[in-house]
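Please read it alongside the model.

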Amino acid sequence: MALRNIVKLGDPILYKKSRVVEKFDDRLATLIDDMFETMYDGNGVGLAAVQVGILKRVVVIDIGEGPIELVNPEITMSEGEQISQEGCLSLPGKWADTSRPQKVQIKAQDRNGKWQVFTGEDLKAKAFCHEIDHLDGILFTSHIVGELKSE
């Protein structure tokens, strides 16, 4: 495993749409492992491949309940609303209150291509939405309620 550089706000890649993963191989597994290491090193709860400069639909999440890897994730259901603080490893030192669904269900593949279904509420729902947005070139700043703040 290796630490990867996190792309910061201002890099145009963050606004690009990521490509569907079609090849489930050792390179994908290495990317996922590196993303987990990079996310943990940055004290994050989620990381999208685009944030390490790779335009593939790959996300890793760990809100403290164990690692979740998502390849080609799609939100299949959302309900409710939560307004809470949100930040991003690509915008270090910045945060804001955002509006996100309270609960979501997603389907995604794992590193071997097997489809799985996940349900998330509260922080997990927010993390799923935040990271999947990254895959479509959308930053959390699009969901701000109020203003962007600095630590």
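1. F36 is buried, at 9% relative accessible area (buried means under 20%, exposed over 50% and partly exposed in between, with a 1.4 Å probe and protein chains only). Y40 is partly exposed, at 38%. Both residues belong to helix α1, residues 26–41, and sit four residues apart, about one turn of the helix. Helices (H or I, at least four residues) and strands (E, at least two) are DSSP runs, numbered from the N terminus.

2. This is a predicted model, in which local features need pLDDT of at least 70 and side-chain atom pairs pLDDT 80 or more, while totals for chains, interfaces and linings use all residues. Residues are numbered from 1 along each chain as its sequence is written, and side-chain values use heavy atoms, with hydrogens and water left out.

3. Rings of Phe, Tyr and Trp (its six-membered ring) pair if their centres lie within 6.5 Å; planes under 30 degrees apart are stacked, over 60 edge-to-face, and the rest tilted. By this rule there are two aromatic pairs. F36 and Y40 form a stacked one, with 6.0 Å between centres and 20° between planes.

4. F118 and F128 have ring centres 6.3 Å apart and planes at 55°, so this pair is tilted. The pair links distant parts of the chain, 10 residues apart: F118 is in strand β7 (residues 115–121) and F128 in helix α2 (residues 123–135). F118 and F128 are both buried.

5. K107 lies over the face of W115, 5.1 Å from the ring centre. The criterion is NZ of Lys or CZ of Arg within 6 Å of the ring centre and within 35 degrees of the ring normal.

6. The whole structure has eight salt bridges (a side-chain nitrogen of Lys or Arg within 4 Å of a carboxyl oxygen of Asp or Glu). One of them joins D33 and R111, at 3.0 Å from N to O. D33 in helix α1 and R111 in the loop between β6 (103–109) and β7 are 78 residues apart. D33 is partly exposed, at 26%.

7. R111 also forms a salt bridge with E69, with the closest N and O atoms 2.8 Å apart. E69 is in strand β3, 42 residues from R111, and is buried at 17%.

8. K124 and E65 meet in a salt bridge of 2.9 Å, N to O. K124 is in helix α2 and E65 in the loop between β2 (58–61) and β3 (68–79), so the pair ties together parts 59 residues apart in sequence. K124 is buried at 16%, whereas E65 is exposed at 58%.
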